[in-house]
Amino acid sequence: MHAEDLRRPAQPLDLEAAASMWRAYCGAFPEAVAAAPEYTVDRFGDHAQLADELLDLVLFGAKRATADLVDEFVSRGDALPRIGEHWIACDGSGAPRAILRSTDLRVGPFSHGDASFAAAEAEGDGSLESWQREHRRYWTRVCAARGASWSESQEIVFEHFSVVWPPEHRDEAPSAPHGR
């Protein structure tokens with residue numbers, strides 16, 4: 001049996017707990033919320049273990065970027081993220097653990113993933129080679145799961161973010177995001 005066969009599926013997102021976390025953040029930073037009042041609730045990865053591993057890199061490490069296929073957003077019926085937008089990141093059990101705020105976005109093909117972006121994602125050894133290898137595997141897997149195939153020419157959303165909540169994990173006080 002392969003390790004991939006042992007993956008436990010992620011549990012449903014706890015939207016009620018996410019709304020409660022959002023209310024606490026709103027009370028602490030009403031100006032940041034006024035600038036971007038909507039939020040999404042999501043998780044990293046495609047299974048519980050990966051969601052937990054990547055969220056730990058956010059909360060206890062240097063992960064401040066993520067990448068996802070434009071086609072994945074479309075297949076879920078989700079709009080692409082916007083600079084300044086908030087999203088509540090949940091763990092594999094569906095529990096909300098952090099509020100993230102998009103600070104920089106760009107869309108491009110796989111070849112636009114560079115060493116700087118790989119380092120900001122902070123996965124594996126942080127190298128571009130590791131980023132390329134693991135994302136090829138990941139996007140091949142998630143596309144296959146929805147009956148599609150992946151190619152390096154597909155558009156990818158390259159997103160940088162900051163952690164704005166909870167206070168013990170906050171990068172800095174929320175402020176207006178910067179553009180390119």
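**View 1. Leu-100 of S4 meets its partner in S5.** The bridge partner of Leu-100 in S5 is Val-163. This pair comes from a predicted model, as does everything in the views that follow. The two strands concerned, S4 and S5, pair in the antiparallel sense, and nine bridges hold this pairing. S5 is largely enclosed by the rest of the structure, because nine of its ten residues are buried.

View 2. As a reminder, strands of a sheet pair through backbone hydrogen bonds, either parallel or antiparallel.

View 3. One place to look is Asp-68, whose bridge partner in S5 is Val-157.

View 4. Which sense of pairing, parallel or antiparallel, do S1 and S3 adopt? They pair in the parallel sense, over five bridges. Arg-43 has Cys-90 as its bridge partner in S3.

**View 5**

**View 6. The S3 and S4 hairpin.** S3 and S4 run antiparallel and are joined by five bridges. His-86 finds its bridge partner, Arg-101, in S4. Between the strands of this hairpin there are five residues, and Gly-94 takes a positive phi near 95°.

**View 7. Cysteines without a disulfide.** How many disulfides does the structure hold? The number is zero. For Cys-90, the closest cysteine sulfur is that of Cys-26, and at 16 Å it is too far for a bond; the cut-off for a disulfide is 2.5 Å. Cys-90 is buried, with a relative accessible area of 0%. Cys-143 counts as buried too, at 0% relative accessibility.

**View 8. Helix H3 and its buried side.** H3 covers residues 48–60, which makes 13 residues, and its first and last C-alpha atoms are 18 Å apart, close to the expected 18 Å. Buried in this helix are Ala-48, Leu-50, Ala-51, Leu-54, Leu-55, Val-58 and Leu-59. Why do they lie on the same side of H3? They cover an arc of only 160° around the axis, which puts them there. The general rule is that an α-helix has 3.6 residues a turn, so residues three or four places apart point the same way. The buried residues of H3 pack against S1, S3, S4, H6 and S5.

**View 9. Ser-130 and its surroundings.** Ser-130 lies in helix H6 and is buried, with a relative accessible area of 4%. Leaving aside residues up to four places away in sequence, Ser-130 touches Glu-123, Gly-124 and Asp-125. Asp-56 is 74 residues from Ser-130 in sequence, and the two are 18 Å apart in space, C-alpha to C-alpha.

**View 10. Ala-122 in the loop between H5 and H6.** Ala-122 lies in the loop between helix H5 (115–121) and H6. Although not a glycine, Ala-122 has a positive phi of about 60°. Is this residue buried or exposed? At 18% relative accessibility, Ala-122 counts as buried. For context, most residues other than glycine have a negative phi, and most peptide bonds are trans.

View 11. Trp-165 and Pro-166 are joined by a cis peptide bond, with omega about 5°. Pro-166 belongs to the segment after S5.

Terms used
Residues are numbered from 1 along each chain as its sequence is written. This is a predicted model: local features need pLDDT of at least 70, side-chain atom pairs count only at pLDDT 80 or more; totals for chains, interfaces and linings use all residues. Side-chain values use heavy atoms; hydrogens and water are left out. Buried means under 20% relative accessible area, exposed over 50%, partly exposed in between (1.4 Å probe, protein chains only). Helices (H or I, at least four residues) and strands (E, at least two) are DSSP runs, numbered from the N terminus. The expected span of a helix is 1.5 Å times one less than its number of residues. The arc is that of the directions from the helix axis to the C-beta atoms. Contact means heavy atoms within 4.5 Å. Two strands pair if DSSP finds at least two bridges between them.
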